[in-house]
Amino acid sequence: MKARVSARQEVLKGLWDQNPVFRQLLGMCPTLAVTVTALNGVAMGAAVVFVLVCSNLMISLVRKWIPGQVRIAAYIVIIATFVTVVDLTMKARFPELSSSLGAFIPLIVVNCIILGRAEAFASKNGPWRSVLDAVGMGLGFTFGLTFLGSLREVLGSGTLFGVTVLPSWEPWVVMILPAGGFLTLGLILGGVNLITRTVEARRRRAVVEASRVTARIAVTGIAPGSPARGEA
Amino acid sequence: MKTMLHMVATLVIVGLVAGASLSLVSGWAQPLIEANETKVKMAGVMEVVPGGVSSKTLAEIASATPAPPGGDVEAYQVLDAQGQVLGWAVIGEGTGFSDKIRLMVGVAPDFGRTLGIRILKDAETPGLGTKIREGDFPDRFFGRGGQAPSLGDGPLTVVKAPPGAANEVQAITGATISSKAVVKIVNEGVARLRARVGAGAAGGGTGAPAAPGRGEAGR
């Protein structure tokens with residue numbers, strides 16, 4: 001059991017290490033299209049969390065009965081069912097939100113995150129881990145979209161979640177145009193890469209440092225636990 | 001052969017279960033969706049003609065005249081508490097930037113100016129074209145501060161600068177096509193209603209509300 005990833009890790013990996021938006025660059029179409037406001041980001045993210053959790057759970061439950069040759073077709077039907085449920089529910093309960101997200105709710109069917117997790121994770125893991133994976137990935141997607149949407153809304157409209165935060169701000173209209181989506185996403189990706197690279201470099205330096213100590217121990221024959229090791 | 005049967009059976013079962021569950025959800029959601037649409041529509045009628053308390057459908061008013069071929073115009077005559085005609089609410093539809101726009105426009109009883117506008121359905125670009133339904137663009141059609149665009153000098157036109165002439169409406173920055181589409185739908189809707197009930201219908205808001213409409217249209 002020790003070799004397996006912990007349940008906590010299963011959820012957390014989707015938030016940063018394998019974040020669907022910032023690290024895997026999946027689902028870019030809704031990411032760029034709906035993130036003109038922070039609320040749109042949250043709503044889209046919530047819809048994806050629901051579909052992802054339901055489809056991952058369902059697929060991990062039925063994975064043993066579905067022959068490999070028709071698995072993609074079966075997965076898509078399962079995913080499309082949950083997406084339609086979300087679409088109808090939003091139209092019935094939150095008509096405003098549904099009209100502002102337009103066609104992007106039905107398009108969750110072809111969102112690569114959903115099929116990607118079904119294929120890469122749920123078809124190989126049990127229900128409990130698949131749900132954890134879906135929660136992590138879904139929240140990571142929500143976080144990515146909300147972050148992008150907040151930046152674009154603040155700069156493009158001077159508001160955040162509809163509340164004015166920059167009263168004397170001349171809105172940069174380009175931020176809510178498609179070009180603004182690409183600009184913001186590109187800069188965020190650059191920032192994320194910078195952070196991961198710095199962290200990675202620091203970790204590598206620590207590893208090199210540690211191996212140098214090991215090498216010295218090997219050469220000098222000073223046993224672990226001796227003062228030499230304490231120094232390092 | 002066995003695998004093939006297995007494959008077909010799997011897909012049939014998945015399809016059946018999916019279809020059955022969707023029909024259940026749809027049965028629950030459809031009435032709610034329709035109720036939402038009606039609610040939005042009736043709220044829209046009272047919003048685009050400010051001060052209205054009750055409304056009559058065009059069919060109730062102009063039942064004497066046959067509906068023109070190709071479908072009747074959907075319109076409501078809006079009355080205040082005393083039964084005076086405040087104006088009309090007309091529903092119009094036309095092509096927007098990405099899909100059809102459906103809207104409701106309020107117009108004075110003499111068709112001289114718009115009183116308000118409400119977008120019922122659109123699929124415009126989020127954040128740009130969707131501004132046709134929020135903020136100050138709808139306000140440009142409301143009779144606030146005497147700035148309501150006048151239809152007296154002909155149909156409304158779209159301009160990119162603050163309006164000069166009385167029949168000009170300023171477009172939304174970055175959404176000129178959506179703005180033009182809205183104005184076109186407004187013009188067409190008002191023209192259709194005008195043709196249907198006659199120019200002087202409703203007698204400027206005095207007298208029995210239903211009678212003048214029928215009389216004018218009957219000629």
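## Helix 3 against helix 6 in chain A

In helix 3 of chain A, V48(A), V51(A), L52(A), S55(A), N56(A), I59(A) and S60(A) touch I113(A), I114(A), R117(A), A118(A) and A122(A) of helix 6 of chain A (contact: heavy atoms within 4.5 Å; helices: DSSP runs of H or I, at least four residues, numbered from the N terminus). By class, this contact has eight nonpolar, three polar and one charged residues. Ala, Val, Leu, Ile, Met, Phe, Trp, Tyr, Cys and Pro count as nonpolar, Asp, Glu, Lys and Arg as charged, the others, Gly among them, as polar.

## Basis of the model

This is a predicted model: local features need pLDDT of at least 70 and side-chain atom pairs 80 or more, while totals for chains, interfaces and linings use all residues. Residues are numbered from 1 along each chain as written, chains are lettered from A and ligands numbered from 1 in written order, and side-chain values use heavy atoms, without hydrogens or water.

## Confidence in chain B

Chain B averages a pLDDT of 77 (the predictor's confidence in each residue, from 0 to 100). At least 70 is reached by 80% of the residues. Helix 1 (residues 2-48) of chain B scores highest, at 89. Helix 5 (residues 210-218) of chain B is lowest, at a mean of 37. Across residues 200-219 of chain B the pLDDT is below 50. Where pLDDT is low, predicted coordinates should not be read in detail.

Conventions. Helix = DSSP H or I, 4+ residues; strand = E, 2+ residues; numbered from the N terminus.
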